[in-house]
Number of protein chains: 2
Amino acid sequence: MFTLEQVRGFVAVAEELHFGRAAVRLNITQPPLSRQVQKLEEELGVKLLERNARGVRLTPAGAAFYDDAVRLLRLAQNAPDTARKIADGWSGTLRVGFTGGSAMHFLGGLLTRMSVDLPDVNLELNELVTSRQLKSLTSGDIDLGLGRPPFDHSQFDNLLVQSERLVAVIPVAHPLTHLRRPLVGTDFAGVDFIMHSPSQARYFHDLTTVVLAGHHVQPVHTVSQVLTIVELVAAGRGVALVPESASRLAISGVRFMPLIDDTPPVELHAVWFRDNTNPALPRLQAMLTRHVNDSYSASHHPKNALD
Amino acid sequence: MFTLEQVRGFVAVAEELHFGRAAVRLNITQPPLSRQVQKLEEELGVKLLERNARGVRLTPAGAAFYDDAVRLLRLAQNAPDTARKIADGWSGTLRVGFTGGSAMHFLGGLLTRMSVDLPDVNLELNELVTSRQLKSLTSGDIDLGLGRPPFDHSQFDNLLVQSERLVAVIPVAHPLTHLRRPLVGTDFAGVDFIMHSPSQARYFHDLTTVVLAGHHVQPVHTVSQVLTIVELVAAGRGVALVPESASRLAISGVRFMPLIDDTPPVELHAVWFRDNTNPALPRLQAMLTRHVNDSYSASHHPKNALD
DNA sequence: CGTCATTACGGAATGCGTAATGATA
DNA sequence: TATCATTACGCATTCCGTAATGACG
């Protein structure tokens, strides 16, 4: 196989049509250049140049090879740059997993910010429940997750990116809607209740359990999707606790009612595998930190880091 | 600059994900391969591979560089082939000059034959009078001409590709049309005559002069294009001598009449500069020779080598 | 301790630069 | 004879293969 040095030599000669000038351009002397081109021709089995005493001409084969040679050199010059850019994290691909419901809202702001701060980093998005996210993080199928606690801190690092209130969603005809104050656990005693799935939506399930704090309710359904829960409430099947952002769902027949202030918030975290080597990941982490700080300081919506 | 050998080494490792197997594939031992990849990484300033005791993984930068590396190797492998094909004359470009009028008919057959015998050779066509063809041949602007004798045999080689009869073209109302025999020079004595331009169509001018052989005619026009001549004849301005193929021109008001058998034929030659180095030229010459022979032996139209 | 990858080292090959030679107008 | 390109030759570098070492389960 021929050498890129030989190709560089040939291209220089083909452009200067003069071994001397070409050698100067390459910062070498003529003899090595002459030999480079000879070797190249020998390697190809093709005469690329027509030499005569006062200069050089390209053969037809030489003219054709020149085109390919230029392409070759351009590729050989650019390839390292793109590799370096990726190694530095300023380019490449990040695969992100996110939970179906309320992470959506956060993703919008994230994508907008990405297109400004990391325009050459491509994002691949996968909707996954938190448990699947964690598995995919360790297996290397995704680089970053947007999910709900808890996380195994021996393997994962995380960053709180969104925090919102938990609210009660209640059919408009329900007696609870007559209360003119934030609700407390006691208010739900004996009420028909739609529970989050303990396997598919463990975080919400546990949160709800904490709020109810032993007050006995009547579980009438166990559901994984927030949207489904709100629809069941609208159908009058019961009452439920959902994140405040669910009130943006345009579903009639329900009322969203606040809970008392000491109710734990619904948190969304960015989470990543500590051993992940994707160079773009630190860039995204830094961007997320900046982004969250910007939102907290500049906006008056401390409940949501990205509003 | 890195080496193609290094790239080959890296690609092998990237595909095998194992230095040992990659080395076997490249017919070298592991240590040189290891050093090749190290040098490449050093050259790029980028870690391409993540080594651990039981194997190798690609870094994101390595995965990106792998794509470029494969492109690079493919290009490096194909470029010599195309160059060789051109050097052998089986590919590339031939620039052909041809005289306006009757060479057209020949060109049709030539192009058809080219598409079968030399499908990868591209033809660039230029309409040029013979004198310009010869200049362009020596300057290298064209590789082959289709023109009329004479040629300077010290510089040019040529091949007769088409030979046709000279005929008289006469207005239908002209007294000469009453003759029921081939015409001779004497028949044109004192007749109004349309002459070919001695500069632009010297060959036809000289041929006509030979046929008339001193019988005095009345030159009423001097014209370079055969088509124009026939149109002038149709307009009754005089009589002229043109190649037989001109009878294919659909112009009414004229009669084409044969001349006696010993009239010199109108010849079309392929002509080329002996110093031309285009490797496709010998291929075309060989094809033309075959083609002319085929036509002479297979057809019953000995007057036109390509009918 | 077995599996890989890397470092150490000696010999062969490659490739530069300087100097000499060849070809051509 | 002047201008280029090529060949000759010596020295430094590069690069292979074999052998030894190191890292990690």
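Predicted model: local features only at pLDDT ≥ 70, side-chain atom pairs only at ≥ 80, totals over all residues.
Of the atoms of DNA strand C that come within 4 Å of the protein, 70% belong to sugar and phosphate.

The surface near DNA strand C draws on helices of both chains. At least two residues each are supplied by α3 (30–44) of chain A and by α2 (19–26) and α3 (30–44) of chain B. The most is given by α3(A), with five residues. Classified by residue type, this surface comprises eight nonpolar, six polar and five charged residues.

In chain B, an N or O atom in the side chain of Q38(B) lies 3.1 Å from a phosphate oxygen of DNA strand C.

The discussion now turns to the protein interior. In soluble globular proteins, nonpolar side chains tend to be buried together. The largest nonpolar core in this model has 60 residues, among which F10(A), F65(A), F10(B) and F65(B) touch the most other members. In each of chains A and B, the helices α1 (4–16), α2, α3 and α4 (60–87) each supply at least two residues of this core. The surroundings of one of its members, F10(B), can be given in detail: leaving aside residues up to four places away in sequence, F10(B) touches V37(B), L40(B), L48(B), L49(B), L58(B), G62(B), F65(B), Y66(B) and A69(B). A second, separate core contains 24 residues, including M114(B), L284(B), M287(B) and L288(B).

At the level of domains, chain A is divided into domain 1 (4–87), domain 2 (92–163 + 266–299) and domain 3 (166–258). The centres of domain 1 and domain 3 of chain A, taken over C-alpha atoms, are 74 Å apart.

In chain B, helix α7 (residues 202–212) has as its buried residues Y203(B), F204(B), H205(B), L207(B), T208(B), V211(B) and L212(B). Among the elements covering the buried residues of α7(B) are the strands β7 (166–171), β8 (192–196), β10 (240–243) and β12 (266–273) of chain B. After α7(B) comes A213(B), which has a positive phi, near 45°.

Methods: Residues numbered from 1 in each chain as written. Chains lettered and ligands numbered in written order. Heavy atoms only, no water. Domains from an automatic or database assignment. Near = heavy atom within 4 Å. Polar contact = N/O pair within 3.5 Å; in protein donor to acceptor, adjacent residues only side chain to side chain. Helix = DSSP H or I, 4+ residues; strand = E, 2+ residues; numbered from the N terminus. Nonpolar A, V, L, I, M, F, W, Y, C, P; charged D, E, K, R; others polar. Core = buried A, V, L, I, M, F, W, Y, C linked by side-chain atoms within 4.5 Å. Buried < 20%, exposed > 50% of the residue type's maximum accessible area, 1.4 Å probe, protein only. Contact = heavy atoms within 4.5 Å.
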